[in-house]
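Here are my comments on the model you sent.

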Amino acid sequence: MPVQVSSSPATSLAARFAQRQRVRARRERWLRGGLAFAAVLLGVLAVAMPLFLLASTRITPGWSETLLPLVAGSFKAAFYALSVAAPLALGAAIWCARFAAPRLRQLLKPLFELLEAVPVVVLGLVAALLLAPWLAQRVLALAIFVAALVPVLAASGALWQHAAPRRWQRALVGHEVGLSLPVLVLLAWAALVAGEAFATHVSAAIIQPQTPWNALVVGIMLGLAVMPTMFTLAEDALFAVPAEFALGAQALGATRWQALVHLLLPIAAPGIVAALLLGFSRALGETMIVLMASGNTPLLDASPLTGLRSIAANLALEAPEAAPGSEHYGLLLLSALLLFGLCLLLNALAEHVRGRLRRRLAGL
Amino acid sequence: MGLVLRLRRVTRRRDHGLWLAAGAVGLSLLALLVIVCVLLRQAALAFLPAPVAELRWHSNGIEQVLLAAVVEQDARELIVRASEWQRRGTGYQRIRRGDLVSLTWPADVMTWRLRDGRELHWRSAATSVHEAYAALLTQAPAGFSADPAGQVDIVAVNQLSTAGVVRIALQRAWLFVCSGPQAGAGVFPALVGTVVLVLLMSVLVMPLGVLLALWLHEYAGGRRSARILRAAMANLAGVPAVIYGLFGLVLFVDGIGGGLDALLAHKTPQWGGGGLLWSALTLALLTLPVVVVATEEGLGRVPDGLRQAALALGATRAETLWHVVLPVARPALLTALILAIARAAGEVAPLMLVGAVKYAPALPVDAEFPYLHLSRQFMHLGQSVYDLALTGSDAPRDTAQAYAAALLLLVVVVGLNAAAISVRNRLRERTRELST
Amino acid sequence: MSAVEVMPAQLLAGLELALQARGLSLDYADRRALDSVHLQVPSRRVTALIGPSGCGKSSLLRCFNRLNDEIAGCRVGGEILLFGDDVYAGAIAPPELRRRVGMVFQKPNPFPQSIVDNVAFGLRLAGIRSRLELDDRVEAALRATGLWHEVRDRLAASALQLSAGQQQRLVIARALAVEPEVLLMDEPASMLDPISTLRFEELVVALRERYSVLLVTHNMQQAARVADYTAFLHAGRLLEFDTTDHIFTNPRLRETEDYITGRMRETPLR
């Protein structure tokens with residue numbers, strides 16, 4: 001086999017490379033410099049953000065009276081949002097990661113990702129114009145629904161396992177959600193009917209909200225908004241635990257649920273805690289839903305039946321009108337800084353906890 | 001007693017937690033379904049032609065007659081919308097049930113919808129538009145005049161077939177998407193504003209985000225500075241959007257913009273107010289972590305063998321990146337871009353602070369030099385949803401349109417996200433191909 | 001261990017040396033991979049590098065074109081000379097070094113581009129824009145590896161569509177196109193089927209006419225078939241260097257003999 005590489009050595013390649021060497025080296029330096037510049041720029045921005053807010057804040061004598069209801073409002077909204085989102089997200093994550101048929105999981109994951117992408121202003125719109133007036137008349141039905149949810153679901157499941165033919169049961173493994181859907185719809189219908197029936201009962205008057213735009217509505221919608229984020233994080237944590245653990249436990253006679261609770265949940269616990277922290281942080285900072293559906297009244301109480309005004313919503317309402325440099329402006333920036341610090345703290349904490357999960361999983 | 005014991009034994013042995021977890025999935029899915037259905041239904045209400053009733057009722061002993069569409073009704077009263085002869089939103093009336101004598105749906109009612117969103121109702125058995133218009137002039141109050149060219153549609157509204165209703169609704173929906181608010185209804189300027197804003201933001205964020213990701217992944221590696229920057233990025237991603245808005249307001253609008261105005265000695269603030277550029281910059285900051293994370297993930301999927309092959313051939317780092325790594329990672333860049341756009345398109349809170357307004361007199365792009373007006377205030381789809389819903393002057397119609405705008409926004413954002421997800425999945429398959 | 005101990009005196013006398021490693025040591029972040037290695041690679045010969053897995057063969061190979069520089073926390077001690085120039089002293093910039101010292105990897109790694117673009121990659125770096133000259137040089141490189149007749153009708157097709165053997169020869173053509181002086185090959189035939197391996201070995205023997213080849217292989221027969229000289233590396237040290245005939249028929253050391261005859265454990269005990 002003849003080996004003759006170049007048939008046209010006008011100038012040898014080595015000479016050409018030598019000619020271009022300086023240009024190429026310069027390009028390399030430029031890229032390196034450009035990249036480092038971008039990195040420095042971002043670093044500066046990350047530092048500049050809180051510093052900028054800090055530089056413009058001003059503490060005026062009555063700051064605590066103004067800020068306290070706002071802080072309380074933010075926490076109130078986030079608390080109710082989390083009490084809606086946490087059970088939904090964690091339950092869904094547990095089921096998706098450990099019980100769902102692989103096909104169904106592949107379908108559900110993108111569905112939750114799309115739910116995460118729904119613009120919050122759309123959710124805010126539905127909450128403010130439809131859910132709030134509708135729910136104001138049906139708080140009793142909601143209470144009945146929530147109270148009956150757990151027993152009814154558990155009972156229907158137990159009944160199914162006890163009474164349904166083996167063949168049906170086997171077909172439903174991994175698709176239990178199919179059974180829960182009709183149960184939920186029936187329960188919702190029953191709760192509405194019951195709510196109507198007891199509308200004149202004395203308990204209905206106690207839980208009649210003072211305004212349609214209250215923390216309950218905010219909690220439900222905000223909960224739906226932050227739920228997908230928490231779901232994704234918790235699901236990833238649970239799914240990352242090797243399946244052999246659960247199989248081993250089941251081989252010893254534990255049910256699938258027992259294997260989950262006693263083995264998998266403790267391992268994945270940091271991921272779940274991180275999901276809760278990040279969900280809380282997102283709920284604290286979410287603006288549009290609170291702005292549209294909370295009534296924006298600065299109150300200092302924890303009742304779900306009254307309105308609230310959060311830091312974020314207050315910023316969106318007042319910042320465009322505040323004159324730069326005024327006391328009002330300074331106070332707004334102070335509240336923003338407070339919110340920024342809170343969210344940063346929660347994020348850093350969540351990141352720390354997730355790091356622990358990663359180390360734990362790496363050790364397995 | 002025996003039954004209770006048996007039930008208890010059954011429930012103790014089985015795993016009911018599993019059913020609760022399945023219930024959580026079911027409840028989430030139901031909520032999603034309900035929200036989508038509600039949005040679809042409410043948005044459809046904005047476009048479906050409402051049948052027009054002839055109402056007769058007593059008011060202070062005098063019998064009144066009115067042609068009107070019924071907007072709302074309950075056990076005590078009706079709210080109806082009659083012809084709007086002067087302005088949009090002026091035809092609403094409240095009628096007590098007790099006063100009502102009769103409510104009929106005459107077949108010969110014509111409804112004329114004008115370009116400015118007004119609706120006129122009158123009775124005419126005419127077959128041509130001209131005759132119908134002549135009949136309208138006889139029934140209109142004195143001083144009324146309207147340009148027949150300004151019509152959107154004239155229909156015999158009570159005689160429409162289902163196909164006709166759908167046709168009219170689609171026609172009106174199309175008009176809603178491509179006309180402006182000065183014509184009574186329409187989100188065209190908001191749509192243009194959103195698109196221009198998002199494009200400008202992409203132009204700003206993509207180079208910076210990709211550069212950062214390249215530095216983090218290809219140069220800095222596990223260095224201390226890279227770790228710090230990654231941590232900063234993770235924290236930036238968790239900062240509430242409204243804080244970005246405030247940051248944009250303080251830094252861009254009041255700081256840089258105000259400074260520019262002072263420097264150029266503008267009498268009226270030109271850069272010192274909210275505007276397109278400041279909004280785009282704010283959104284670029286907001287989406288930077290998204291771009292960096294997605295790009296870095298894509299770079300991580302480029303097989304190391306390719307990098308080494310290029311280096312071993314004598315390519316510099318820069319050449320390796322440019323000729324080998326970036327082309328392979330191109331779908332990842334696309335994913336990053338789409339994710340950033342999807343995030344930015346749905347964000348409203350920061351824009352309320354830095355430039356989106358309820359009504360902007362001019363589009364941010366036009367045929368006049370310099371074509372793209374960076375300092376102009378603009379309208380935004382998300383902002384329109386908020387304004388139409390809470391501050392509309394013609395509440396029943398505006399809220400319906402708010403739903404329509406929300407549906408449009410939802411379709412755009414969810415469509416973009418679905419695109420990103422599918423591109424990402426295809427990318428994963430391709431890199432799997434590459435690495436086998 | 002000096003060069004004198006590992007190889008017979010006067011073995012390479014009169015031969016030009018393409019590559020020399022003098023007292024080369026290599027440390028990764030957590031362990032030492034090479035320990036004072038003395039190796040001389042004669043010009044226009046095929047030198048085989050054998051040794052058990054994990055003995056540092058690939059690491060040694062990557063020292064010669066400074067590819068180890070790309071790994072964080074990797075330190076090189078000692079000297080490497082390319083035709084007498086010290087590689088690590090800054091006499092040659094790494095890109096230029098890597099052009100002169102081509103490398104073929106264990107796994108064929110063509111770029112996800114067309115066949116032509118793959119071969120022309122290095123030429124474009126040299127600033128060659130003329131279509132005519134590019135085509136000319138691409139054809140020459142493909143002919144040199146015997147690939148030309150197989151791919152001449154589908155030069156614009158993706159390189160990923162070729163078989164593994166063809167891909168490996170394409171990668172060699174890509175390396176040859178930039179006119180290197182030395183070729184480093186890191187177990188290049190380990191993923192090929194027997195027929196492709198045969199063709200590949202013929203190619204290596206042909207390349208010997210113009211290039212100095214340093215070949216890492218796990219396959220004793222392959223080393224015996226193609227190499228003029230063979231070096232035996234064990235646990236980061238070069239233990240023996242001699243003509244291939246000598247090493248395979250009459251090794252000086254127990255370890256070499258054990259390894260060649262398959263009596264050595266694959267993972268060396270430390």
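**Notes on the sheet and the contacts**

1. Chain C holds an open sheet of six strands, and its pairing is mixed. The strand order is β6-β7-β8-β3-β9-β10 (chain C). Please keep in mind that this is a predicted model.

2. Which strands form the edges of the sheet? They are β6 (101–104) and β10 (237–243) of chain C, and each of them pairs on one side only. From one strand to the next, the twist averages 20°.

3. Now the contact between chains C and A. Chain C contributes 23 residues and chain A contributes 15 residues. On the chain C side, helices α3 (94–100), α5 (131–144) and α8 (194–207) supply at least two residues each. α5(C) gives the most, with six residues. By class, the chain C side that touches chain A has 12 nonpolar, two polar and nine charged residues.

4. Chain B also meets chain A. Here 72 residues of chain B are in contact with 81 residues of chain A. Which helix brings the largest share of the chain B side? Helix α2 of chain B (residues 16–47) does, with 19 residues.

5. Where chain B touches chain A, 55 residues are nonpolar, 13 are polar and four are charged.

Note on methods. Residues are numbered from 1 along each chain as its sequence is written. Chains are lettered from A and ligands numbered from 1 in the order in which they are written. This is a predicted model: local features need pLDDT of at least 70, side-chain atom pairs count only at pLDDT 80 or more; totals for chains, interfaces and linings use all residues. Two strands pair if DSSP finds at least two bridges between them. Helices (H or I, at least four residues) and strands (E, at least two) are DSSP runs, numbered from the N terminus. Axes are lines fitted to C-alpha atoms, for helices over the stretch in contact, and angles run from 0 to 180 degrees between N-to-C directions. Two residues are in contact if their C-beta atoms, placed from the backbone, lie within 7 Å. Ala, Val, Leu, Ile, Met, Phe, Trp, Tyr, Cys and Pro count as nonpolar, Asp, Glu, Lys and Arg as charged, and the others, Gly among them, as polar.
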